[in-house]
Amino acid sequence: MSNELFKAVRYALYAGATAAIGLSAAPVFAQDTGSDQNSQKLETITVTGSRIRKADVETAQPIVVMDRAAIEKQGFNSVADILQNMPEAGTPPISRSEVLASGEAVGGYYISLRNLGNNRTLVLINGKRLGSTTGGDQDLSQIPIAAIDRIEVLKDGASAIYGADAIAGVVNIITRKNYDGAEASAYVGQYDDDDGAIQTYSMTFGAHSDRGSITLSAEYSKEDPVWAKDRWFSRYGATTRHPDDNLTVVSQWGSFYLPTDPRFAACRAESGFGGRCSLNPGGDPFNPADWHGTNSQGGNDDLTNSNEEMMLRTGIQRRSLYANAEYNIFDNVRFSTDLLYNHRETVQQVAGYPLQLRGFRYANPQADGISPYSWYNPVGFWHNPAFDATRPASDYTIGTPTRVAYRRGWEVPRVTNSQLTTYRFGGTFDGSFELGDHTWNWDVGGYFNRGDSLKVNRGDFSLIAVNRAIGPSFLNAATGRVECGTPTAPIPYGTAPGSCIPWNPLIPAGSTGPGALQNNAALQQYLFPYYNSTGQVTTHDYSANITGSIFTLPAGDLAVAAGYEYRNEKGNFIPDAFSQAGISTNLASGPTRGAYNVKEYYLEVDVPVLRDMFLARELSFNVAGRYSKYSSFGDTTNGKFSLTWRPIDDLMVRGNYAQGFRAPTIADLYGGISGTFDYYTDPCDPNREAGPNAAVSARCRSGFGGQPGVPANFHQTNQSGVPCTVFPCQTATQFFSGASPTLQPETSTTKTLGVVYSPHWVEGLDLSLDWYRIHINGAMRGDSVTSMLRDCYVLGVASRCSSQLFQRDPTTGVLSYALRGLKNAGWVDTEGYDLGVNYRLPEFSFGRFAIHWNTTYVSKLNSKADTQPTTPIDPSNSFGGDFRIRSNASLEWTLGDFGATWMTRYYSSMKEECSYDDECNLPNYVSNGVATPLNRVGSSVFHDVQARWNAPWNATVSVGVNNLFKHWAGPSYSGPNSQYSYYGGFDIGRFYYLRYDQKF
C-alpha cells in the first residue's frame, strides 16, 4: 500500500475513529448459533461438544462463539491470529518470530488452548477433523477467512465426543452455507514502520432454491516479512541494551587460528579472540602483514551480528478456494458436499551458515578443512616454498583440532520456502424420520483430506562441494584462473557432477577477488545447492451417526446420539538426501513414514430430571462414552458427565467431568532421528545456578548421576567456543532428537464448574464464571536439554543424568552429546478461572453501546518430570509465555450506519532466569526450596481501535489500528517463544489497516 494512502488512513483515525477491534467472543447466551441451512425444516441444532440436536443452545459446556460479524470487526486477518487473541489461548506454537525453527510443521500456524500445546487442541471443520502433519499439527492457515460463518471454541475436554486430542478443548470452524448473493472484500494494512504489509482479497458467491444451494468462496492473502534489523529488540542478539552481546567470531569477514606459523605471530598476539587472525580491509590474503588480530582494532568490526540478515516475522502467501453444495433428494433426505483447496507458502530467512573449517589441511569426506595444497591457503604450499622444510609434519596432521578457520556464508543467507497444498473433499447423506412422536436425525458420510508439503531450502553448504572447493587447487596458466586438483591431475571447472570451483573462505564478504563468493553466481551455485524435502499426509474418514428422542419424561425428552467412525491416517515426510546422509550443514534428519487406523463407537445420552419446579427450573444430565481401537497401540474407553441446573430462570449452574486421551502420532512413533543445534542453559555454569547455589555446584563438581564432574573453570560455550554471556545459549555441537515407538497414549481428566447469570432486572447483561482443572498423566512431550540439565543438577533427579540422555567431555565439562527424544513422563496439571462479562446497554439518542470483557486467570500450571515421589514439582506459571492473567475488554458503539470498537488486551507479567545482574529484579526468588534469581518482565497492555461506516451502496468501510499507542513490552531473554529477546506473541509495532466489503 502507498505511503500516501496510509497517511490518509492515519489522519482519519486520529480525527475521530474511536472503535475497537477486538474479539467479541462472548460465551453462548441464548444466541442463535444455527446457520441458515435447513433452519426452517429443523428447529434443533447441534453445538460443539455434543452430538445431540437441541433447541436450547445454552449447554453445560463452556463455549465461546465468534460469528462472522465479530470476526469482521477485528483487525486480524487469519484464523490463527483471531484465535490467538483469545484469553484462553496460550503461547503461539511455532511463533512467526522463531525463524530458526525447522521441520515439517514450520510455516504453519497453530493454536494452543490453556498453554497445553497445539497437539492437545482439536481443530474441526464443520465437526470433522482438520488435516494435520505427521506430528498431528493442525495448520490453521488452511482455512480461508472468506469461507467462515462462525467459530465455536469448546473450553472443555471432549474425547468422549470427538476422540483423541481434545484434551485442552476443541475449535470448530463452521463454514458458510446456503448463501444467496455475492460479496467481495479487500483488506490492506502495514506497520507504521512502513513494513509488514498485508493484503487479502476475497469473493463469495451463492445461490439457493427449494431443492438446494451452492456457495463458493475464493481468497488470496499475502503478508510481507518484517526484518529483525528494523526493530529495537531484534536488531541485536540481546536488544539495543546490550548490542555487543551474542556477536560471533564466525563472521562474514573470515578468520583463522594457526598457533605455530611464526609469520602470523603478531596478529595472534594482538587478537582479542584467542589468537585468531582476520584480513585487513582490502588486504592481500597472501601477505602476513595484511592480517590483524581478530577484534583488535576496537569495536566489533570482525564480528557478526547475524540478526542483520534475519527476518523478525516470516512472510506468507495463501490461495484458497472453498465450495459447498446441498441438494434435497427427497423431503427428508439431503446430500451435501464440500471441497477445499488451499496453497500456503511461508518464507523464512536467517543469516548465512556459520561454517567452521577445522584445520588448514585437506578435508576427507568425513572431515572438513583447507588443504595445505589449496591455492587460497595463506600458509600453504603455493605461498611458502619452504613449506615442508620449515614446518613440522605434525602441523599438517588430519584432524588436528587447533587449526580452525571461520567463515559465515553471508552472501547466500539461509532461506526456506515451506509450502503446504491441501485438498479436502467430503460428502454426506443426512435426513430425518419420525418414530412415534419423536424425530430422529441421521447422517452417513465421509471425507478425504490430503496435505502435500514441500520445503525448498537454500543457504546451507554442501559439505561435498566444500571439501572439494577447499581441497588442492592451483593457478592454471593456460586459463588464467584457479582450478581444483593439481597441475598433473586437474578437476574440470564448473558446477556439473564431478566438477569443482575453488573457494577462498578467508576473503571477506563484499570483496570480489579470486575465490570470493561475492557476485560469483557459479561458486554460489556450487557451494549452495537447493534442497527439497517432501511430505504427504492423508486422512480417510467414514462415519455414521443417529440422534433422537427415545421417550418423553416429565421434565422433557430423553435424547440419545450414537455413532461409528473409522479413520485411517497415513503420512510421510522425507528430508532431502543431503540431510539424510548428513553431508550438508543443514540439520541431519531421517525420514518419517507410517500409518495407523482407528475404529470408534460412541454413545451420548441426555437425561432431563426436573423442570419448572421450585429451585429446579431445569436439572439435566448428559453422559457420553467412546470406545476407540487403534492399530498402533490398542484400545481405550473414555467417558464424560455433564450437569445443568437452573435454580431460577436467571441462573444456570454447569459442571463437567471428562476423561481424555491423546494418541501417539505418526511422527511420534515412526519419525526419524534429527539433528538440532539447541539453545539451552547449563546450570553448572558459575553464572547460572552453580554460582549462588552450593548444592547445585556440588552436584556439578562431583559428577552427580554418573556424569563426569565439571572442572572448576567450566563455562558453557557458544558456537564460537567462547563463554556464553546470554542464556539460553546456542551450542556448537549438534544434538539429536527423535521418535519413540514405545510411546503410549497420554490420559487426562478435565473438570469444570461454572455459573451463568443473566439477571432479568438488567436487560442485556450476561455474566459467567467457570473454574477448570486439567490433569494429564503420562504426558507425551519432547524433552529439552535445559530440562534434562535442570532436573539433574538443580532438582537432583538422578535418573535424568543418564548418559543416554546427555554426555559431558570429561576434560572440559562441555556437553558433547544429547538426545532429547519423546517420552511418557510424569504429569501436567493446570487450573484456573474464566470470567465473562457481556452487557448490551439500552439504546440512547447518541447510539448504543456494548461491553465485552473476557479474562482467564491461571492459578497453576505445574508439571513433574517423572512419577518418583522425591521428584520436585516444576511450576511454570508466570514463566515465559505462561501468563497468569490474560484479559480482553472491548467497548462497541453503533449509531445508524456508523460503528466503532475499542479493545484493550492485557498480559500479566512474566518471570525468567536472569541474564544480566542489573536487570535481575527478583534476586532472592525461591522455588521448591531452591534459590533461583529471576528477572520479572512487567505486564503489557495493547489497545486496538476500529471505525466503520455502512455505505448506502451496500458496502462497509472499516479503518483501524492495532496497538494504537505503539506499546513495547520489556525484553525477555530466555524462552520468549521467539528468535529474539522479546516474547513472540506480542505486537511488533503499530499496525494500520483498511477494509472494504461490498455486497451485490
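Modeller: Contact means heavy atoms within 4.5 Å. The model is a predicted one. By that cut-off, the elements covering the buried residues of α11 include α12 (785-794).

Biologist: Which residues of α11 are called buried, and what makes them so?

Modeller: Buried means under 20% relative accessible area. In α11, which spans residues 694-702, Val696, Ser697 and Cys700 are buried.

Biologist: How do you know that these buried residues line one face of the helix?

Modeller: Viewed down the axis of α11, the buried residues fall within an arc of 100°, and therefore they line one face. An α-helix has 3.6 residues a turn, so residues three or four places apart point the same way. The face turned away from the buried side of α11 carries Ala694 and Ser702, which are exposed; that word requires over 50% relative accessible area.

Biologist: What is found at the start of α11, and what just after the helix?

Modeller: At the start, a side-chain oxygen of Asn693 comes to within 3.0 Å of the backbone nitrogen of Ala695. Just after α11, Gly703 has a positive phi of about 80°.

Biologist: Why is the pairing of His775 with Asp829 called a polar contact?

Modeller: A polar contact requires a pair of N or O atoms within 3.5 Å. The side chains of His775 and Asp829 make such a contact at 2.9 Å, so the pair meets the cut-off. His775 lies in strand β35. Neighbours within four places in sequence aside, His775 is also in contact with residues including Thr747, Ser748 and Trp827.

Biologist: What makes a set of residues a nonpolar core?

Modeller: The members are buried residues of kinds such as Leu, Ile and Val, joined through side-chain atoms within 4.5 Å. The largest such core has 38 residues, and Leu83, Ile151, Val153 and Val171 have the most contacts inside it. The element that gives the most to this core is α3, with four residues. Apart from it lies another core of 31 residues, including Val379 and Leu523.

Key:
Residues numbered from 1 in each chain as written. Predicted model: local features only at pLDDT ≥ 70, side-chain atom pairs only at ≥ 80, totals over all residues. Heavy atoms only, no water. Buried < 20%, exposed > 50% of the residue type's maximum accessible area, 1.4 Å probe, protein only. Helix = DSSP H or I, 4+ residues; strand = E, 2+ residues; numbered from the N terminus. Arc of directions from axis to C-beta. Polar contact = N/O pair within 3.5 Å; in protein donor to acceptor, adjacent residues only side chain to side chain.
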